[in-house]
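Please walk through this chain step by step, with the sequence and the coordinates at hand.

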Amino acid sequence: IGDTMSNSISQQGSDDIAFHMHPYTNAITHASQGPLVITRGDGIYVEDENGKKYIEAMAGLWSVAVGFSEQRLVDAAMRQMQTLPFYHLFTHKTHEAAVRFAKTLIDLAPVPMSKVFFTNSGSEANDTVMKLLWYRSNALGQPNKKKLIARHKGYHGVTIASASLTGLPGNHKGFDLPIERVLHTTCPHYWREGKDGETEEDFATRMAADLEALIQKEGPDTIAAFFAEPVMGAGGVIVPPKTYWEKIQAVLNKYDVLLVADEVICGFGRTGKMFASETYDIKPDVMVLSKQISSSYQPLSAILLNSRMFDPIADESNKLGVLGHGFTAGGHPVAVAVGQENVNIIRERNLVQNAAVTGAHLQQRLAGLSDHPLVGEVRGVGLIAGLELVTDKAAKTALASPGQLGTAVGRKLQELGVITRNIGDTLAFCPPLIINAEQVDTLVDAVTQALDATQ
Ligand code: PLP
């Protein structure tokens, strides 16, 4: 399985190599391989500098719900730019766009939420939640209640604090992370982590027992919150096993540990409901939203806090004089105006319903690949799916070098005009919510072709 990328690098490509440092990129191989230069987008498609068109099967970075050419978002941004291009929310100031969108989000929330705090990225939002949890524990006179539990393979961002929550070695190695106070419990990946003969329900019971054992070992009074994505995204699209969430929620309730649902990927329809907290019937105290909140046309994230979370923080800010936290661009008027219009579109065009219906078609078509010799497991819900590749089905192993098989199939797909993301040997699919059944068929046909060509 060789490197099939073309070696011709354009002027833009070589300028990129010369002047630009990329996130999540090997800087040395980048210099020889060069970038894929994307120039425009249209619906579920993007186009590169050579005019080649791709199905963007990852919606960018799990984010462009309404597609890549939504004029209404452009108009919303323009209107806001013309009226009030910037204002801030510090020291009792506000603006109409933030107020309106905060109200929209509270109305939309699947559980009673008290307030919205705006930030600019998923990482910033999780980082903020961590600080607010510590502030809350101090407010409640529980200065030892500061530890946070996340999960192996969870993804919560890349700031010092949020990267510590993230449970992927690649985000810790070389950075001296994680920081203290952050602990990780087991990852609910049944297909890979389940024991021989263990049912999905038994596996979920074991996962909840692991969490409980960790809480007891550390001391229940020291644990502030549990952070989790309802469906794990960047860790490999890991769908929770049956009964997992009800068992986890019961442990959290038993020990007065708050639940932070990181819905940065799952929110706004991805799993076939507006929020995955509805799909899995969980009752988070805090919800973290980003990405599809604005279809990523503007950087935006939002934290929804219930009164259990907000009220002690409000009291503490009164005691200390001010909440000493906030970002210049948090709740940027253009970003929240785009967010508002984006949510309007998601509702008017029934995109959540489309994620459920067209998502079921995607899951069914991908499930049809289960018998392929290179497919270990197919998993997903709504319009998010993962295809875990193997070369030895019985042993559940791929090539000796982890990720090599996934990279090879991903490259082949790119040649065939599909952009996906290989997370190690798992191919992730998370297309725009506007995708239709025919486009799903084209996508899955290309996946089949890429798998066949890689055998
Ligand atoms: N949380 C989850 C679940 C994510 O998937 C991501 C990004 O992929 C983040 C947080 C971090 O968001 P950002 O990249 O905007 O900082």
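A residue is taken to be near a molecule if its C-beta atom, placed from the backbone, lies within 6 Å of it. The model is a predicted one. By that criterion 15 residues surround the ligand, and the closest of them are S121, G122, S123, G157 and V264. Helix 6, residues 122-139, provides the largest share of this shell, with three residues. By class, the shell around the ligand holds five nonpolar, eight polar and two charged residues.

The chain is assigned two domains. Domain 1 is made of residues 36-66 together with 350-454, while domain 2 covers 73-348. Taken over C-alpha atoms, the centres of domain 1 and domain 2 are 26 Å apart. In the contact, domain 1 contributes 26 residues and domain 2 contributes 25. On the side of domain 1 that touches domain 2, at least two residues each come from helix 3 (59-63), helix 14 (351-367), strand 11 (375-381), strand 12 (384-389) and strand 15 (426-429). Helix 14 gives the largest share of that side, five residues. That side of domain 1 comprises 15 nonpolar, eight polar and three charged residues.

Helix 14 also packs within the chain against helix 16, residues 437-454; their axes come within 10 Å and cross at roughly 25 degrees. Angles under 35 degrees count as roughly parallel, so helix 14 is roughly parallel to helix 16. The crossing of helix 14 and helix 16 is right-handed. Helix 14 takes part in this contact through T358, H361, L362, R365 and L366, and helix 16 through A437, V440, D441 and V444. Five nonpolar, two polar and two charged residues make up the contact of helix 14 with helix 16.

Two further helix pairs can be described in the same way. The axes of helix 9 (residues 200-218) and helix 10 (residues 244-254) come within 9 Å, with a crossing angle of roughly 20 degrees. Helix 9 is therefore roughly parallel to helix 10. Their crossing is right-handed. On helix 9 the contact involves A204, T205, M207, A208, L211 and E212, and on helix 10 it involves Y244, K247, I248 and V251. Seven of the residues in the contact of helix 9 with helix 10 are nonpolar, one is polar and two are charged.

For helix 5 (residues 96-108) and helix 13 (residues 333-348), the axes come within 8 Å and cross at roughly 40 degrees. Because of that angle, helix 5 is oblique to helix 13. The crossing of helix 5 and helix 13 is left-handed. Helix 5 brings A97, A98, R100, F101 and T104 to the contact, and helix 13 brings P333, V336, A337, G339, Q340 and V343. The contact of helix 5 with helix 13 contains seven nonpolar, three polar and one charged residues.

Two backbone details remain. Most residues other than glycine have a negative phi, and most peptide bonds are trans. L177 and P178 are joined by a cis peptide bond, with omega about 5 degrees. P178 sits in the loop between helix 7 (160-165) and strand 6 (182-185). D256, although not a glycine, has a positive phi of about 55 degrees. D256 is found in the loop between helix 10 and strand 8 (258-262).

Note on methods: Residues numbered from 1 in each chain as written. Predicted model: local features only at pLDDT ≥ 70, side-chain atom pairs only at ≥ 80, totals over all residues. Domains from an automatic or database assignment. Contact = placed C-beta atoms within 7 Å. Helix = DSSP H or I, 4+ residues; strand = E, 2+ residues; numbered from the N terminus. Nonpolar A, V, L, I, M, F, W, Y, C, P; charged D, E, K, R; others polar. Axes fitted to C-alpha atoms, helices over the stretch in contact; angles between N-to-C directions. Parallel < 35°, antiparallel > 145°, perpendicular 65-115°, else oblique. Left-handed = near helix turned anticlockwise from the far one by under 90°.
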